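Here are my notes for you on charged side chains. Have the structure open while you read.

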Amino acid sequence: MDLFSHRVYIESQRTKEDRHVASSLLRSWKSLGLPDYLQIDNELSFRGSNKHPRSFGLVIRLCLHFGVEPVFIPVGEPWRNGVIEHFNDTYNRKFFRRQWFHSYAHLKRQSKGFQQFHNKHHRYSCLKGKTPNQFGEAHVFEPTTIAPNTKLPNLEEIADGNVIIIRFIRSDGQLNIFGERFQVPSDLIYSYVKAVIVTGIHNLQLFLGDELVKTFDYHLPT
């Protein structure tokens with residue numbers, strides 16, 4: 001979902017395999033335009049590997065390749081993605097549970113129909129009663145687009161960019177970055193912090209609000 005206009009792009013996939021997710025993301029950006037940020041939860045297929053937390057999966061690599069900053073919400077706090085969680089509930093109740101799909105291809109076709117219906121007809125109070133299409137048309141905004149024939153690029157190398165992780169520091173004073181733990185100053189306990197992995201300089205920068213409070217070396221595989 002594009003948070004500005006609430007336009008959605010829907011694509012059904014059989015699995016959560018990272019290549020499927022990355023391919024669908026690329027197609028969504030062709031439709032909606034490239035975002036500045038991609039806010040996601042901590043699903044393994046979004047981030048990569050528990051065994052090799054600094055290797056990064058295809059989704060993070062794809063974001064960095066196109067200059068998109070992935071933002072990982074705090075673990076176990078789905079309400080941070082409340083807008084898309086609400087849409088998922090609407091999709092489930094008003095579309096997915098209301099009809100029988102005789103094949104996977106049928107589901108994919110019908111999902112596209114629901115996407116078009118939502119963007120054209122669903123009205124949001126936060127958009128002052130407008131539909132996503134109406135709101136987009138009323139605001140002059142040209143997103144950065146990707147050519148329709150763009151294929152999933154070679155993502156062997158990790159491009160320069162930022163990966164943002166929002167975390168709550170508990171009583172142990174540890175910052176958990178994809179399973180890897182870093183000890184932080186005690187005055188950060190019971191605070192939400194923003195950790196930024198700056199891939200170009202192999203740094204992990206820790207912010208409390210806008211204040212940089214700690215920096216760690218964070219060497220990435222080459």
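How many salt bridges does a search of the whole structure find?

1. The search finds five. A salt bridge here is a side-chain nitrogen of Lys or Arg within 4 Å of a carboxyl oxygen of Asp or Glu. Side chains of opposite charge can pair when their charged atoms come close.

2. Before going on, bear in mind that this is a predicted model, where local features need pLDDT of at least 70, side-chain atom pairs count only at pLDDT 80 or more, and totals for chains, interfaces and linings use all residues. Residues are numbered from 1 along each chain as its sequence is written, and side-chain values use heavy atoms, with hydrogens and water left out.

3. Take arginine 27 and glutamate 11: their side chains meet in a salt bridge at 2.5 Å, N to O. The two sit 16 residues apart, with arginine 27 in helix H1 (residues 18-32) and glutamate 11 in the segment before H1. Helices (H or I, at least four residues) and strands (E, at least two) are DSSP runs, numbered from the N terminus.

4. Buried or exposed, or in between? Relative accessible area under 20% is buried, over 50% exposed, and partly exposed lies in between (1.4 Å probe, protein chains only). Arginine 27 is partly exposed at 35%, and glutamate 11 is partly exposed at 22%.

5. Now look at lysine 16, which forms a salt bridge with glutamate 43, closest N and O atoms 3.5 Å apart. Lysine 16 lies in the segment before H1 and glutamate 43 in the loop between strand E1 (37-40) and helix H2 (44-47), so the pair ties together parts 27 residues apart in sequence. Lysine 16 is exposed at 57%, while glutamate 43 is partly exposed at 26%.
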